[in-house]
Amino acid sequence: MRRKLYYILFKDLLGGLLITLKTLFKKPVTVQYPRESVKIYPSFRGRHALVRDPETGLSKCVACLKCVQVCPSRCIKVTYEEDVNGARKLLNYELEALRCIYCGYCEEVCPVGAIVLTEWFEYSDTNRESFLFDRERLLLNWDEFVKKYTNNVYTNKFWDLRGVPEVNKPALKRLGIQVNLQVLKDRG
Amino acid sequence: MLEKSSITKDQIFSTEDPFFSPFVIQMGPQHPSTHGVLKLNLVLEGERIVDCEPIIGFLHRGLEKLAENLTYTQVLPLTDRLDYISAMNNNTGYALVVERILGIEPPPRGKYLRTMVCELARIASHLLWLATHALDIGAMTVFLYCFRERERILDFFEDICGARLTVSYPKIGGVRLDVEERTLEEIYNFIPVMERRIEEYEGLLSDNRIWLDRTVGVGVISANEALAYGLTGPSLRGSGVPYDVRKHFPYDAYGEVDFEVPVGTRGDTYDRYWCRLQEMRQSLKIIKQCIERLPEGPVCAELSPDLDMPSFKRAFRAEAWGESSFIAFLNESVELIPKGELYSAVEGAKGELGFYLVSDGSGRPYRLHIRTPSFVHISAIPKLAKGHFLADLITIIGTLDIVMGECDR
């Protein structure tokens, strides 16, 4: 009976309209994207970069090829040469960003924290060639990222793997990896 | 007065009708309300559906076959692409089956975190379902409101693991990273907000006469028929069968948390809507308990396989590096994990999501079959749609909560 009365008095519709009316006076939640930017959380898996070692100015990659092995989409290609002692020297690090599925396995498995998925997400382009990152391009990506980064020390969640038992981490990652950006910034 | 009589096929036409001429139209695969690339071949008599045949396979990516060429850890990001709306559940389902075949157990903190993110994903999935379902029927406002809250949940995922949809957060033997205290606090504060929001959706829809006209008595399926068609999840619970994998075969921390399984009575679109809204409330309850009882400790088991399984040192031959050797070393007849086969299921957002894994002892699955709820639910569309108006077909597709990425895989 009560429901019938409500039905006649349009209470169901008016109740809904009241909710929409209340929302009219609330703060809008829409982000006006090109003018405002969305908040990006730390360790967002965005554009790839090779970390530029502040001391040598080159990448930290030791050509262990772990990233090549774990990559589910097989988008990484590493070429290197070996000297007589068996020490490896990186020749080129190619990464096909269009094949990448951004799982973050490469940065998680990297023992020295060389490859990283930066928090840079605006990198659309009109030609495919610009997504074939080689070593120079990846280092350049890092420089571009550092320019916009405000803190002086960069670290990534996938570098220190909080909560994961020590035995499951690569040896160097147990110490924790950080990059001092001050040197790079001073150099310009 | 609010009840709408359901019309049977026999009432609308009889085969003796001399004037009956079927009208065949093809709906989809590029139709906005088929929720992906679903095609329906419809036989119409006027506005009424006489017959309906779903055509699937437009989004087939060969995911099961692809899994046979990848290591166990590499398959995990693929499962994100099944039901891309609640990727956490897929990852957990896959991680569980490998864990069970390996015989490892995640630590309690890993279990609780996995349960928490699974429930968040379930809410996100139900929100997207409610948004699109309401939009199909004609309620635009609900669509916008639901996406507002879904954005919050995706932000939590971004904060936790760095990705919004293709998360790959749960892993074999636990989760990949610990969640920060700050994030847990934010999620905890979000729970009362979300409870109020669900009340808002209910205020907009539950008593609304247009919503009732469009949903009550549409797409009725009885409990026995639903079981016969293999429906699971909220689609089955709407018909009154209280089957829930989380309750009947508890995995992760579901055995330790307290929650209820909402069931409908009539098995129509409205009851399935009601079930899903109640389920969101129960999910919030589970998340609350998970955060309150979150144990300390590591988040993944020490025995969990490394990302670069099989063992790097054993198999790697530097001089013969290349794509071919990558495949070759996986073929080595060394038993890395126990041989055997196993089916294990989780309660995905859409229904029972099962993984059937056959292991031959090598580093990659011999066979991975995925039992996806959407695939099964699509087979029930003809049963639900027969005798209804063409406009109600949109409601029926919406109410089953279909994701074509999961169906075609």
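Two residues count as being in contact here if their C-beta atoms, placed from the backbone, lie within 7 Å. Keep that in mind as we walk through this predicted model, starting where the two chains meet.

By that criterion, the contact draws 31 residues from chain A and 28 residues from chain B. On the side of chain B that touches chain A, the elements giving two or more residues are helix 3 (72-79), helix 6 (140-161) and helix 7 of chain B. Helix 6 of chain B supplies the largest share of that side, with four residues.

Let's now follow helix 7 of chain B into its own chain. Helix 7 (residues 181-205) packs with helix 12 (residues 269-293) of chain B, their axes 10 Å apart and at an angle of about 165°. Angles over 145 degrees count as roughly antiparallel, so helix 7 of chain B is roughly antiparallel to helix 12 of chain B. Their crossing is left-handed. From helix 7 of chain B, the residues making this contact include B:Leu184, B:Ile187, B:Tyr188, B:Ile191, B:Met194 and B:Glu195. Helix 12 of chain B answers with residues including B:Leu277, B:Met280, B:Arg281 and B:Leu284. An α-helix has 3.6 residues a turn, so residues three or four places apart point the same way. The residues in this contact between helix 7 and helix 12 of chain B divide into twelve nonpolar, no polar and four charged.

Moving on past helix 12, you come to B:Pro295, in the loop between helix 12 and helix 13 (312-315) of chain B. Is B:Pro295 buried or exposed? B:Pro295 is exposed, because there are 12 other C-beta atoms within 10 Å, and a residue with 12 or fewer counts as exposed. Leaving aside residues up to four places away in sequence, B:Pro295 touches B:Pro108, B:Arg109 and B:Tyr112.

Those contacts bring us to helix 5 of chain B, which runs over residues 108-137. Its 30 residues reach 43 Å from the first C-alpha to the last, close to the 44 Å expected at 1.5 Å a residue. Helix 5 of chain B is mostly covered, with 28 of its 30 residues buried. Just after helix 5 of chain B comes B:Gly138, which takes a positive phi of about 125°.

Methods. Residues numbered from 1 in each chain as written. Chains lettered and ligands numbered in written order. Predicted model: local features only at pLDDT ≥ 70, side-chain atom pairs only at ≥ 80, totals over all residues. Expected span 1.5 Å × (residues − 1). Buried ≥ 20, exposed ≤ 12 C-beta atoms within 10 Å, placed from the backbone. Axes fitted to C-alpha atoms, helices over the stretch in contact; angles between N-to-C directions. Parallel < 35°, antiparallel > 145°, perpendicular 65-115°, else oblique. Left-handed = near helix turned anticlockwise from the far one by under 90°. Nonpolar A, V, L, I, M, F, W, Y, C, P; charged D, E, K, R; others polar.
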